[in-house]
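Thanks for coming. I will go through one structure today, beginning with the ligand and then moving to the protein around it.

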Amino acid sequence: MAYAAFRSIGAYVPSKILSNEDLSKMVDTSDEWIFKRTGIKERRIAGKNEFTSEMAVCAAELAIKRSGINKNNIDMVVCATISPDYFCMPSTATIISTKLGLGNVTAFDISAACTGFVYILSIAKAFIESGMKKNILIIGAEKLSSITDYTDRGTCILFGDGAGAAMICATDNKEEAIIDIHTGADGTYADLLMTPNGGSGSMHDSLDQEAASCFMQMKGNETFKVAVRTLTKDVVEILETNNIDSSEIKYFIPHQANYRIIKAVGDALKLKKEQVVLTVQKYGNTSGASIPMAINDIYESGSLKSGDLMLLDAFGGGLTWGSALVPYSPLK
Ligand code: COA
């Protein structure tokens, strides 16, 4: 049987920084309020002509190079995004694979908001274990600034842009294998976080009304409470199912939405500070890109070593959630 190994990571962040001070000149807020309630100090914003696919390609090039896999052997590309280059079609994954010069590969996007990376990890694992594919490039990429309302202080302080990519490859060595992935969704909470724009559910009569509703809308306080509850339940379940104690986790890498949410889950699991990976202070919430960007941070700091066990945990619009137990398994 083939197993799926997490071989490599890469990420890209745009150079432009949007600080809390900058935001306090745009909406009625302050650095103190934002930092105290979210842990965020700044976030990155892509240039006007810097599309989601371009950030994704930069992240993917790094992940491919670090994997040691020849790009001609990549047979599938999956992109998790809620801010694609184009709504509906073509998919961002097809644009990415063409820009990377990958030739004839299976390529598609998925929409699971901030849980996107855990979802595409589970898709890659399933395709590899079934024997259908061998080397899969997965990417979480977001230009959330393109769907953020910069007059709404309840949302614009939270979100940023960026991309992260990973190579997931077939191996016959069970020691290298992704151990388990849990995913779930509950549409009864759909209205907590949504972009009520031009889909078939849109009730607008004019393009002006349509354009006004292209931005993300969120019931922040309710989302916060469900997030803490769901994320904690999720990680407790995946650890129990696999008979793994939280002390065996080298790095807990949660979706980076809010420091207070991350702290609540970390405390519930009795994790030590050095086990919890935090990037929310410098990148804000980058939705499907946040987990691979955080993994890349520990990789580039030199802290991520072969065999380190990572616990990923995500939560997002839909509502969706997911967790994964993933050893870092670079090619030896
Ligand atoms: N600056 C200053 N004041 C603000 C503000 C801002 N940016 N945003 C909201 N406020 C005000 C509110 O108007 C409210 O004022 P009031 O008491 O006079 O009515 C007060 O602060 C408290 O608002 P509330 O929404 O209850 O704050 P909160 O403690 O829940 O923090 C969030 C708001 C958005 C930071 C928090 O709810 C959150 O992070 N939620 C989860 C978001 C998330 O993770 N979303 C993505 C899921 S993947």
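**Ligand site, helix pair and loops**

A side-chain N or O atom of threonine 29 sits 2.7 Å from a nitrogen atom of the ligand. I call that a polar contact, meaning a pair of N or O atoms within 3.5 Å; inside the protein, one atom must be able to donate a hydrogen and the other to accept it, and residues adjacent in sequence count only if both atoms are side-chain atoms.

Before going on: this is a predicted model, where local features need pLDDT of at least 70 and side-chain atom pairs count only at pLDDT 80 or more, while totals for chains, interfaces and linings use all residues. Residues are numbered from 1 along each chain as its sequence is written, and side-chain values use heavy atoms, with hydrogens and water left out.

An oxygen atom of the ligand is 2.7 Å from a polar side-chain atom of asparagine 258. For arginine 260, a side-chain N or O atom lies 3.4 Å from a ligand oxygen. On its own the ligand exposes 960 Å², and the protein buries 72% of that (Shrake-Rupley areas, 1.4 Å probe).

How many residues surround the ligand? There are 23, counting any residue with a heavy atom within 4 Å. The closest are Thr29, Arg37, Arg153, Asn221 and Asn258. By class, the shell holds nine nonpolar, ten polar and four charged residues. Here Ala, Val, Leu, Ile, Met, Phe, Trp, Tyr, Cys and Pro are nonpolar, Asp, Glu, Lys and Arg are charged, and the others, Gly among them, are polar. Helix 8 gives the largest share of the shell, four residues. Helices are DSSP runs of H or I with at least four residues, strands are E runs of at least two, and both are numbered from the N terminus.

Next, helix 8 (220-241) and helix 9 (259-268), which each give two or more residues to that shell. Their axes come within 9 Å and cross at roughly 35 degrees. The axes are lines fitted to C-alpha atoms over the stretch in contact, with angles from 0 to 180 degrees between N-to-C directions. The contact, meaning heavy atoms within 4.5 Å, includes Phe224 and Leu231 of helix 8 and Arg260 and Ile261 of helix 9.

Last, the backbone. The peptide bond from methionine 89 to proline 90 is cis, with omega near 0 degrees. Proline 90 is in the loop between strand 4 (76-80) and helix 4 (92-99). Cysteine 88 is also found in the loop between strand 4 and helix 4, and has a positive phi of about 75 degrees although it is not a glycine.
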